[in-house]
Amino acid sequence: MSEPTGASVHHHTCPLCEANCNLAIATRGREVVAIRGDDADPLSRGYICPKAPALAELDADPDRLRTPMIRSGTTWREASWDEAFSHIEARLAPILERHGRDAVAVYVGNPSAHHLGLGLYSRVFLRALGSRNVYSASTVDQMPKQISAGLMFGTALSIPVPDVDRTDYLLILGANPLVSNGSLLTAPDMKNRLRALRARGGKLVVLDPRRTKTADEADEHHFIRPGTDACFLFAVVHTLFAEGLTAPGRLAEHLHGVEHVEALARDFSPERVAPACGIPAETIRRLARELAQASRAAVYARIGTCTQEFGTLASWLVDVINVLTGNLDRPGGAMFPRGAAGAANTLGEPGRGRGLRLGRFASRVRGVPEVLGEIPVVCLAEEIGTPGEGQVRGLVTIAGNPALSTPNGARLSRALAQLELMVSVDIYLNETTRHAHVILPGLSPLEQPHFPLAFTQLSVRNFVRYSRPIFPVPDGQMPEWQIMLRLAAIVSGQGAGADIDQLDDFVFAQQLEKALASPHSPAHGRDPEEVRRALAGRRGPERMLDLMLRTGPYGDGFGARDGMTLAKLEESEHAIDLGPLEPRIPEVLRTPSGKIELAPEPIVADVDRLRLRLAELASSAGSLLLVGRRDLRSNNSWMHNAPGLVSGKARCTLQVHPEDARARSLADGELALVRSRVGEIRVPVEVTERIMPGVVSVPHGWGHDGEGTRLRVAAQVAGANSNRLADEAAFDPLSGNAVLNGIPVSVERAEVTPGA
Ligand SMILES: Nc1nc2c(c(=O)[nH]1)N[C@H]1C(S)=C(S)[C@@H](COP(=O)(O)OP(=O)(O)OC[C@H]3O[C@@H](n4cnc5c(=O)[nH]c(N)nc54)[C@H](O)[C@@H]3O)O[C@H]1N2
Ligand SMILES: Nc1nc2c(c(=O)[nH]1)N[C@H]1C(S)=C(S)[C@@H](COP(=O)(O)OP(=O)(O)OC[C@H]3O[C@@H](n4cnc5c(=O)[nH]c(N)nc54)[C@H](O)[C@@H]3O)O[C@H]1N2
Ligand code: SF4
Ligand SMILES: [Mo]
């Protein structure tokens with residue numbers, strides 16, 4: 001980009017979503033003067049969305065917290081760090097002492113997945129705390145996919161990514177990457193990638209209960225009744241077997257359970273599932289044939305198929321189809337990226353591993369099984385609210401806003417208000433953190449380094465990119481990895497004043513030992529002192545990252561070979577392209593059998609539930625089902641304080657099909673009252689044919705009208721919290737994931753209270 005006069009340009013990864021676009025940020029002194037796309041970046045190729053420029057507003061936002069805050073009653077005061085940590089220690093230590101580790105819960109939110117310091121150090125805090133009550137946004141998001149991938153391939157991030165740039169046929173279910181910019185799929189500028197697919201003669205098919213922007217780009221779009229994707233996908237599998245279309249090719253020798261899947265699919269003929277899905281049997285059959293006949297095809301499904309009753313079954317069936325059509329692990333199909341740092345499917349013995357262990361313990365109140373070491377967040381409110389041994393009395397939230405993002409927001413808010421101690425590591429005083437006793441603020445994204453630890457494992461091409469901080473840590477502020485270490489010191493009894501440099505050395509030493517111990521590490525057997533010396537100039541997340549990179553699949557093994565180091569990444573302002581995805585089976589597998597488990601036992605055991613529901617799903621056509629949606633200018637619950645993003649028309653509306661609107665005498669712009677089993681909201685109606693009859697949609701992340709927040713812009717465009725309607729009793733039993741799509745609701749005209 002050409003520089004505005006007197007400005008200098010820095011490159012930095014956008015931390016807001018999984019696309020990981022590289023930005024060219026022009027600054028003058030401490031001020032951001034412009035944010036554009038980075039044309040020279042091989043991954044994002046200049047693409048950005050409207051949220052990137054809003055990073056300047058986030059950076060400068062006067063409401064963004066920069067000082068620790070302590071609350072007494074309804075008043076907040078600024079505090080020093082020492083005071084804040086002492087305050088926490090004085091209240092947390094007695095809870096742990098009297099009631100044990102599980103009495104303190106943690107909720108980890110989405111931005112921590114986009115944050116190097118939190119990504120690496122929140123786990124240090126969690127380990128030090130040793131509580132079973134760990135919750136996260138994963139169980140309102142992708143947990144079903146992690147469970148199915150973990151059971152099939154051996155690790156929870158071995159998630160096949162559609163090879164969008166080389167495929168000839170892409171079937172998308174429950175994802176809207178033209179708006180969300182992709183999820184479990186790092187592929188900036190999906191619009192042009194999908195247009196290129198069609199330009200080379202490929203076909204795009206979208207199944208979604210709404211006609212989305214992505215559907216507008218497709219050759220075909222079909223409405224699908226919410227929550228029925230597993231039925232549809234099973235019917236595709238049924239057809240593949242019935243018509244002799246299965247052709248796993250070179251995968252055949254790596255498969256376990258094909259016959260089992262064939263038997264399971266027998267009950268799901270296209271004719272049987274059609275009334276439930278709302279898609280004609282002949283269409284289902286045709287799509288199955290097209291998938292089988294395309295030279296290179298991929299099925300890709302995302303949040304609409306995860307946050308529903310049969311999330312794990314649907315997630316599993318997606319990859320079953322990719323396998324049966326021979327498209328898994330081949331160019332143009334669904335492939336496994338090779339993450340440069342810390343990817344579990346690059347560590348240890350190639351081709352074999354421990355696999356996934358599920359249900360090692362259960363939640364106290366409802367007995368819901370743990371998943372990947374956490375308890376589903378649908379359980380959080382009851383764990384706080386139900387007295388008895390093991391009751392949650394303290395909570396630490398880390399970059400999360402569960403009051404808006406998790407089911408039954410009203411109940412959870414009441415529970416948060418009754419905690420003996422709540423600490424929030426967060427940059428805003430919002431709907432969740434207003435309940436905290438202490439808030440510990442992080443930094444602006446521009447004041448910290450960035451490396452997409454998770455997303456190099458989920459990207460459409462292998463890549464690495466490291467961004468240095470653009471601005472220094474301001475006086476009186478603290479990077480979040482240090483906040484995590486301080487909290488770790490408190491909960492491990494070392495006290496608020498512990499030497500965190502020493503603690504960091506300790507944490508690093510453990511990591512180092514592990515990295516050198518593996519016989520498969522390129523640095524196996526190296527003298528730890530020598531490695532320590534090689535990393536001497538670094539501390540904290542950078543030191544950890546350098547270790548992970550250099551012992552990773554592209555690493556230099558500390559001189560063992562020519563390869564990647566953090567220093568090399570620091571020299572590059574743009575992503576380093578590591579090439580297109582390459583076949584990785586069997587090396588990528590970490591299942592105990594060393595095979596792809598096509599019919600994992602826990603999943604097989606869940607199929608009966610779907611079989612039983614099938615008839616009901618078909619007859620429930622008639623009631624209204626609520627789904628969510630995303631907006632390009634919004635980011636979950638927390639970017640609504642950026643004026644540039646919330647200007648213009650209201651975005652938190654209830655989309656209703658004209659037939660449904662007519663039946664309820666609802667007119668465009670009128671206020672509707674939407675009710676579910678657990679709550680109600682009032683929200684303006686938007687009548688549109690772009691939604692399936694029988695389905696209504698409200699986006700999540702709104703409802704900024706609560707008392708006691710400090711979000712001056714967001715409060716003026718408050719909207720309603722759709723998760724007041726989501727029911728904490730409804731979850732996918734295998735993953736514990738909340739049902740956020742397909743919620744039964746009633747809709748009527750809201751009585752307008754005079755003067756309100
Ligand atoms: N109904 C419905 N509900 C949903 C969804 C849906 O589709 N429908 N989607 C779900 C999904 S996919 C997700 S990921 C979750 C998200 O759920 P959460 O992660 O709980 O919520 P976010 O809205 O991402 O809020 C992020 C919080 O982190 C803070 N924050 C932002 N940046 C930083 C930082 O750098 N450091 C710190 N310490 N804090 C920071 C923000 O102020 C905010 O409080 O919501 C889920 N909820
Ligand atoms: N602009 C913007 N981008 C974002 C976010 C944001 O809030 N705003 N959030 C980020 C996060 S945390 C995530 S996880 C990703 C999510 O990324 P995506 O998975 O692409 O999420 P959505 O755009 O919500 O698309 C989900 C689609 O599923 C459809 N759907 C609902 N129920 C069903 C169903 O039962 N079956 C089927 N087949 N479809 C259904 C909805 O109509 C919707 O179009 O987006 C990320 N990117
Ligand atoms: S799509 Fe937008 S929000 Fe996502 S990384 Fe790119 S610029 Fe940032
Ligand atoms: Mo998410």
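Guide: A nonpolar core is a set of buried Ala, Val, Leu, Ile, Met, Phe, Trp, Tyr and Cys residues joined through side-chain atoms within 4.5 Å. Buried means under 20% relative accessible area, exposed over 50%, and partly exposed in between, with a 1.4 Å probe and protein chains only. Before we look, this is a predicted model, where local features need pLDDT of at least 70 and side-chain atom pairs count only at pLDDT 80 or more, while totals for chains, interfaces and linings use all residues. Residues are numbered from 1 along each chain as its sequence is written, chains are lettered from A and ligands numbered from 1 in the order in which they are written, and side-chain values use heavy atoms, with hydrogens and water left out.

Visitor: Which residues touch the most other members of the largest nonpolar core?

Guide: Those are L171, F232, F234, V237, W316, L328 and I596, in a core of 75 residues. Helix 8 (residues 229–242) gives the largest share, 10 residues. Helices here are DSSP runs of H or I with at least four residues, strands are runs of E with at least two, and both are numbered from the N terminus. Apart from this core lies another of 66 residues, F125, L485, F508 and L547 among them.

Visitor: And what does L171 touch?

Guide: Contact means heavy atoms within 4.5 Å. Not counting residues up to four places away in sequence, L171 touches V205, L207, F232, L291, A298, V299 and Y300.

Visitor: How do I read a helix, say helix 10?

Guide: An α-helix has 3.6 residues a turn, so residues three or four places apart point the same way. In helix 10 (residues 270–277), the buried residues are P270, V273, A274, A276 and C277. They pack against helix 8, helix 11 (281–293) and helix 22 (601–619). Just after helix 10 comes G278, with a positive phi of about 80°.

Visitor: What about strands? Which strand does strand 4 run antiparallel to?

Guide: Strands of a sheet pair through backbone hydrogen bonds, either parallel or antiparallel. Two strands count as paired if DSSP finds at least two bridges between them. Strand 4 (residues 69–72) is joined by four bridges to strand 5 (residues 75–78), running antiparallel. S72 has T75 as its bridge partner. Two residues sit between the strands of this hairpin, where G73 takes a positive phi near 60°.

Visitor: Strand 4 also holds R71. What is R71 in contact with?

Guide: Leaving aside neighbours within four places in sequence, R71 is in contact with W76, R434, H435, A436 and H437. A polar side-chain atom of R71 is 3.0 Å from the backbone oxygen of H435.

Visitor: In what order do the strands of the barrel go?

Guide: Six strands close into it in the order 21-25-22-24-23-28, with mixed pairing. Strand 22 (residues 654–656) and strand 24 (residues 680–687), for instance, pair in the parallel sense over three bridges, and L654 stands opposite V685.

Visitor: Last one: which residues are closest to each ligand?

Guide: A residue is near a molecule if one of its heavy atoms lies within 4 Å of it. Ligand 1 has 28 residues around it, the closest being Y107, N110, D426, E480 and S637. Polar side-chain atoms lie 2.7 Å from a ligand 1 oxygen in the case of S405 and 2.6 Å in the case of D426. Ligand 2 is surrounded by 32 residues, with S180, D208, D229, S634 and N636 the closest. A polar side-chain atom of S180 is 2.7 Å from an oxygen of ligand 2.

Conventions. Polar contact = N/O pair within 3.5 Å; in protein donor to acceptor, adjacent residues only side chain to side chain.
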